[in-house]
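Have a look at the structure first, then read on.

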Amino acid sequence: MEKEKGKLQSAIAELEERLARVGTEKPSSSSFSYSSWESTYTQFDRLNLDTREELEEQIHLARSKLFRLNENMQSNHKSCPHSHPCLCCSQNRSAEIEVMTMTTSQRIEKMKQFQLDGNALFKNNKSNEALGKYEKALIYYEYCFDAGENERTELEHVRLLCLLNAAACTLDLKSYAQSIEFCNEALEIDDANPKALYRRGKAHRLLNQYVLAKKDLERAVELKGGKKCKDLRREMMLLQQCEDQYKQARLEFAQKAIGGSRKADNEKN
């Protein structure tokens, strides 16, 4: 664990150093060829330039992982895959024993209560605490393998709501990759769910994955019969702005690269 902690601390320091350099580095003109626009764009893609948003997301994820690692080291518990302490990963088995002795109906009622508690917390801008409630509900779902047909329908409905709400929480917390995972699970239950597509599309945009974002958002609009709600309309507008800015940045970069290469060749001649 100490070795992993050291690696995380080094990674965070490196990312913060790269973040500080964003916007200050200039491309080297000598490495470009002006033989064609296509080759210039190819070389541009190979640069894999960092953006401030990407680096901030990586730093946030690394710090979160370091925080959880420190907690695990202090409590000497095994690493838990969930964002919050849970009954199945705790050394204290009394909570898990209680869940195992419940009927499926009782577990479903507990899931509903966790969902309602999470909703109240989310409305009060307590996304982290709300996420903990939704994750608890999803953990209870794992113990409902013996549900009957009628119970299964209700169970999947509650699970879907918790997944959608957990996706909203992780968007607020800037854990965009985790939000996409929650949306993917929701879409496995209901592949035509507009909320899941909208939230996954937003997460893709915030990760600069514009093609995937556009695909999800257009599908959400299609499912709504061509109608765009306020949030969906705003997200489509933001995506278009991001795409326009990216295209403009590529164009300006390519023009500078070509101009720099020509200038260097003229100086040689």
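Helices here are DSSP runs of H or I with at least four residues, and strands are runs of E with at least two, numbered from the N terminus. What you're looking at is a predicted model, so to speak: local features need pLDDT of at least 70, side-chain atom pairs count only at pLDDT 80 or more, and totals for chains, interfaces and linings use all residues. Asparagine 208 sits in the loop between α9 and α10, and lysine 174 in the loop between α7 and α8. Neither is a glycine, yet each has a positive phi. Buried means under 20% relative accessible area, exposed over 50%, and partly exposed in between, using a 1.4 Å probe and protein chains only.

| Residue | Phi | Relative accessibility |
|---|---|---|
| Lysine 174 | near 65° | 47%, partly exposed |
| Asparagine 208 | about 65° | 23%, partly exposed |

Now for the inside. A nonpolar core is a set of buried Ala, Val, Leu, Ile, Met, Phe, Trp, Tyr and Cys residues joined through side-chain atoms within 4.5 Å. The largest one has 41 residues, and Met111, Leu155 and Phe182 touch the most other members. Helices giving two or more residues to this core include α5 (104-123), α7 (149-172) and α11 (230-268). The biggest giver is α7, with nine residues. There's also a second, separate core of five residues, among them Leu171, Tyr176, Ile180 and Leu206. As a rule, nonpolar side chains in soluble globular proteins tend to be buried together.

What does leucine 155 touch, leaving aside its neighbours within four places in sequence? Counting heavy atoms within 4.5 Å as contact, leucine 155 meets Ile108, Met111, Tyr141, Cys144 and Ala147.

That brings us to the pairing of α5 with α7. These two pack at an angle of about 25°, with their axes 10 Å apart. Axes are lines fitted to C-alpha atoms, for helices over the stretch in contact, and angles run from 0 to 180 degrees between N-to-C directions. Since angles under 35 degrees count as roughly parallel (over 145 is roughly antiparallel, 65 to 115 roughly perpendicular, the rest oblique), α5 and α7 are roughly parallel to each other. The contact includes Ile108, Met111 and Phe122 of α5 and Leu155, Val158 and Arg159 of α7. By class, this contact has nine nonpolar, five polar and five charged residues, where Ala, Val, Leu, Ile, Met, Phe, Trp, Tyr, Cys and Pro count as nonpolar, Asp, Glu, Lys and Arg as charged, and the others, Gly among them, as polar.

Note on methods:
Residues are numbered from 1 along each chain as its sequence is written. Side-chain values use heavy atoms; hydrogens and water are left out.
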